[in-house]
Amino acid sequence: MRQLPPYSLFLVLLAAACADRASDTGGGTMVVVHAGSGTSPMLPPLAVDNLGRAIVDNVYERLAEIGPELNSIGDRGFTPRLARSWEWAADSMSIAFAIDPRAQWHDGRPVRASDVRFTLRLLKDPKAATQYASLLENVDSISVRDSLTAVAWFRKRTPEQFYDVAHQVYVLPEHVLKDIPPDKLATSEAAMRPMGSGRFRLARFEPGVRVELVADTAHYRGRPKLDRVIFSFVADPGAAVTQVMSGQADFFENLPADVLQRIDTSGVARSLRYPGLQYGFMLMNQRDPKRLAVAHPIFGDRRVRQAISMALDRQAMVRNIFDTLGMLGSGPFSKALADTTIVLPLFDRARAAALLDSAGWRVGPDGIRSRAGRPLRFGVMVPTSSQARMRYAVLIQEQLKSVGAQADNESIDIRAYVDRLQSGRFDALLLALATDPARSGVRQSWGTAAFPPAGQNFARYSNRTVDALFDSAATTFDRSRMEQQYHRAYQMLVDDAPAVWLYDPLTVAGVHKRVRVEGMRPDGWYVGLADWWIPANERIDRDRIGLRPAQP
Amino acid sequence: MRRLVAVRLFHAVVVLFLVTTIAFFLLHFAPGDPFSFENPNIPGDVRDRMRAEFGYDRPLMEQYVRYMGSVASGNLGFSHLLRVPVTQALGTVLPRTLLLMGLALVISFALGIRLGVYEVRHWQKRRARASNGISLFIYSLPDFWLALMLLLTFAYWLPILPGGGMVDVVMHEYMGPGQAAWDRIKHLILPLTALVLIVTALIARYQRAALLEVLPSDFVRTARAKGVDERDIIGRHALRNALLPMITLAGLAFPALLGGAVFVEKVFSWPGMGLTLISAIGVRDYPLVVASVVVGAAMVVIGNLLADIAYGLADPRVRVR
Amino acid sequence: MPDPLLSVENLRTYFYTDAGIARAVDGVSFNIGAGETVGLVGESGCGKSVTALSILRLIGSPGRIEPDSRLMFEGRDLLRLSEGEMRRVRGNRIAMIFQEPMTALNPVFTVGDQIAEVSRVHEKKGRKVAWNRAVEMLELVGIPAPAERAREYPHQLSGGMRQRIVIAMALMMKPALVIADEPTTALDVTIQAQILELLGDLQQKFGTSILLITHDMGVVAETASRVIVMYGGEIVESAPVDRIFANPHHPYTEGLLGAMPKVGQERERLQTIPGTVPPPTNWPAGCRFHDRCRYSWERTERAHPPLYEIETGHLSRCFLAEEPQRRAQPHEPMVAQS
Amino acid sequence: MFVEWLRGLAAGVRRLDSVSRAALVILGALFLAAMLAPVIAPYSQSHQIDIVGMKNHAPSLAHPFGTDRFSRDVLSRVLYGARISLTVATLAVLVSAIIGTLYGLTAATLGGVVDTVLMRLLDAMLSIPRVLLLIAILALWSPVPLWMLVLLLGITGWFGVSRLVRAEALSVREREFVVAARSLGAGAGRIMLRHLLPNVLVPVIVTTTLGIGNVIVLEAGLSFIGIGAREPAASLGTMFQDGTEAFAGTWWAALFPGVVMVTTVLCFNILGDALRASLDPRHLHRARVGTGTAPLHTAE
């Protein structure tokens, strides 16, 4: 049975510690520094990168917000947002959401149930090219009972039907977007001037330089504590770290491990560890990159995959790269949602060598194994944008030499990496995926139905039994049967060893010492941004700007 | 003179056409395109639809013809990175680089020539040998390292100057005119110093070599025989002749400066053309990358043309014929 | 003899090259009187130009004028002057005319500017005065339409014209002494005569003494009143011009005269002096002309001849002065035998 | 013909002053150490001693240059790095020299329309700033094997040499002995090889020596933008760049490769300057030559 994951304990403590904050009238400006100079369109369906999602989560609103434990089953833990309350139908084939009458769009127009209907229709419209069509597959449609009641109808009763509607959908303003043809959405003006109903409003967007949000003081759920949040762009992580340490910036979400000591002693900022949903692994392509229909000449054989998993000293690698920040990978999920009872292959080079021998890979004169003239040699692809995975590639390459396998380091530009990832043109690669809070989301990455281009099963791993177990677990309402089925599916998947579960990064942010942080959740540091605050006596020059617009 | 300019302009157009073609095919042959997003969660079919919208799924030659047609009619396409038409993107980005490069060029030439002359005039003195040694040392340093050291020294260990960007992202709009001007200068100091150090070292070396080339000439001996003092011998007679090769160097300095600017902009997050180009290449922003490379080339071609004209005016042997 | 204008005493100019010390000028002494024209002759490489440049102290490293030399000019030793004082002498009291008119002028300045510069440096009467003086000088050296010519650049003028510009520059401040280093060598014969005539006229007009350096005995015959012959960095013979041509004493002078074509004389082949000047880094021990001399004997190989005074004003560095009889046994020079 | 050319080169080298001679000695030692890297380096360049225990150790007796973040011995990597940097730079500059010389010579010998076309093509390639061209190519096709890196650096670097060669060849072509050779019926090919090539070699040698330094610096710059030799191989530039990222922490990982790189480039530049002064025919009659060259007054 899954006991309480260690993380929720951590979050409870965090909340308690800030209980003593004085009730504050709000104020202060926070500068979030972002490495890179572009952002994807700032509309919920199209926002893909971290920056885009941070802005969207604060400018738009969902019907209801998931609880801190990220429970996606039923509606336990969900707190009201645009929907003040909701009511399950007797046969639970539909849920009626009552929109909060006080809710308004930033241009002052009231939020109506028709907006919710419009949003769902847009998200499911194939021409809008959003990524949500497959995720909302079980939500049939939304009808408007009256101006303040929207009813969601479902195809089947599933444990995560409430999560699908409440968590996946940011409600969009119909009156603004209805005239824009769906396929022109990405390059439309609206994508550059997002207008929602959230506690922050867009103040300004300057391409390549900054995105500025300002507090919506008239918000029905209360104005945010901060007056202003500025997302400023810099060239690379190094520049971002320098700005945080020199006090020019207040927040950077992803500090490299080796600067922590400098940050904490800088006297200006401090490092803040917060859990993430990411899990990093080395994926082994099940299919031959040149002829995808055929099994991979090396990784097609389960014994080779298991041997490689045993040949890598995963504990030492985590310590080398993350010091105390990283946790050992525990399977196809992050620690926050892990099933810790799964048994992973243990580090044992002797057994690995024996397995390779039994699979017919004999050690050649140059120390590299080969079978039927083909050397045990494969490329390990890694994007240059991820420093951690680049370092892992170097460690893996050296360790595999000791069992007679030659891993060539293919560190390539992120775009070329994604292109080859989706087209299956790779042997092995280092990938980090975010665990979907919805347990059934695992099928998206490891189910046979989720082969690219539709799904994310890039290695084209396929195990009918695992598929069956996942499908039944996703539809049963009996909790203990569901846990038991997930457990058996995970164990079988791990025994197939399609990947080596490397690490679970504990992301670290650099935060200016005057900023008090609230409710950072694994699926996004920004979810509680509206409750972050700066004590009156510690404010500096930029905090005194307040709400007045900039002189041009 | 007018015929020379006309011929050179024709050559310039030919050159720019070649450059556009090279840049276009170079980029399109590369793996990945503007819509292979960094986030692997975007399903493949969604990407294909976006590609179709911009016509990136058409055969390459057709895209090329369409692109060249639109360039001829002045439309450089839409930038995926900055989400604005390319002309507008370049309009905001180019002046930032020109400001940096222009100032650096002017200061470096003034300093470089003076340093070159100084080193030749006092060649025995220790100071001159030292300055020659220093400029040789700076010339041997990688540009980015020099910029990085300046940044670390003056923005981190000794935080007296801002660590990057063009203006104080937050406070700039809320400053009075005087304060705002000072803020802009403060942000300009470090990148400009980095660029000036690099280019001055280059110019000082060339100026010194050019002077040493001219000094053993007969007319310098004649001037000495006339009783002209050492300062005028080098400062007037020799320098006037040694400036001619410097003019051609100015033409050649443009590509070097543009190259240097790319590194300096990356270190100081100066959102100029260099930095934008690196990011644009990262996201395969075809229209912006090709346009930037062509603009870079145009700057070089114009630079060379101006240098040739200036040379014609400066050298009586050429002008009077 | 009135006090000489310039008296060169024991001038030594050595070059410290990595191939050894080159003794280009190895102890030269002579005088030049006011208004006198002295010819300095010898093959190239015998030290004539180095002597000239030493007088104006234009020798740069690795060359050096040895400390024991003395250059007495208008009552002062030029070697003791500060650089500033020496500059006030150059172009003002002593001027120089160079051999290569094509390269002697600065290509990027107008000729008027370059001439006017002499006045601006020495008279400091401002640009306008200097320019007018320059145009005057151009007219004086026989340049037609001097005002327009002054605005032109060197590459627009002929060789002869440019040499006139150099002369104008030299005589701008009416110097006491002009050193002409092979002024006509680069010009063709007709222009040569005009230039020499111009030099002569200007000498009468301003009373300038001229040190004329050449390897062409013909030029010396027409213009100089006294001739000094140099060989191997030393003076080997010096005498009034008519005496040198009438009865040269030193075998090297004989050789030079033999090599000079004379108008109207039927002679199939001109006499040549076999061999070449020895390298200045190691002059032979004895007489430096020894291996090319037709009268050499063991003594000339061992001992270094001093300057004998054969008659008043006629010196010769040759043991024949003590053993004239040797002249009777001529033989093939040593260098021709090996 | 070749022998005199060699003797001229040797004479030029002998005339170098002390600073340039020191530079030559340092470079010689470096080349030797780099080529002997596999023999003298205590560890292989990729050997990770103990990725937990020996990570980021400061310089010690066991590891004079300390260990990097993967617990690899920095001294061994500097030796291998020097080997890669020198080979890449030297070969790239050779490629540039060969293409440049041929291109320049052909343009100068054939002249006329061919010359104009070749020159305009040259302008086109010169006008794409080399850095932007390299960034575009390498960013898209990285990782690039070393031989490809050499080729790319070579192909984008020969423009300067070809312009120089053409100018030099044009001036030599006018000289009497070439006109004489042509009047004796020598074909364009013979003229190019027998007469123009030897005279053009001097500027090529000088630019090549300077070129090597520039290529090493350029390669370091490229690794700053994330393009460079592929792990575990690393040039001085890539090692220097990796080190600077965590500069405050592990200074030795950046300092030692940096020092070796800058010294190498400095020596090449000093040597280049000195060679230019001593080998240039016009300066042959100079006495002492070198960076401390005195502005000489010529004397006969």
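Reader: What makes C:E237 the bridge partner of C:V229 in β11(C)?
Author: In this predicted model, local features need pLDDT of at least 70, side-chain atom pairs count only at pLDDT 80 or more, and totals for chains, interfaces and linings use all residues. Residues are numbered from 1 along each chain as its sequence is written, and chains are lettered from A and ligands numbered from 1 in the order in which they are written. C:V229 has C:E237 as its bridge partner in β11(C). Strands are DSSP runs (E, at least two residues) and helices likewise (H or I, at least four), numbered from the N terminus.

Reader: Why are strand β10 and strand β11 of chain C said to pair?
Author: Two strands pair if DSSP finds at least two bridges between them. Strand β10 (residues 226-231) and strand β11 (residues 234-240) of chain C have six bridges, in the antiparallel sense, and therefore they pair.

Reader: Why are β7 and β12 of chain C called edge strands?
Author: The open sheet of chain C has eight strands in the order β7-β8-β9-β3-β10-β11-β13-β12, with mixed pairing. Its edge strands, β7 (94-97) and β12 (308-311), each pair on one side only.

Reader: How do you know the direction of helix α7 of chain C relative to β7(C)?
Author: Axes are lines fitted to C-alpha atoms, for helices over the stretch in contact (C-beta atoms, placed from the backbone, within 7 Å). Angles run from 0 to 180 degrees between N-to-C directions. Helix α7 (residues 159-171) of chain C lies across β7 and β8 (177-181), at about 175° to β7(C).

Reader: Which chains have the most contacts?
Author: Among the five pairs of chains that touch, chains A and B have the most contacts.

Methods
Two residues are in contact if their C-beta atoms, placed from the backbone, lie within 7 Å.
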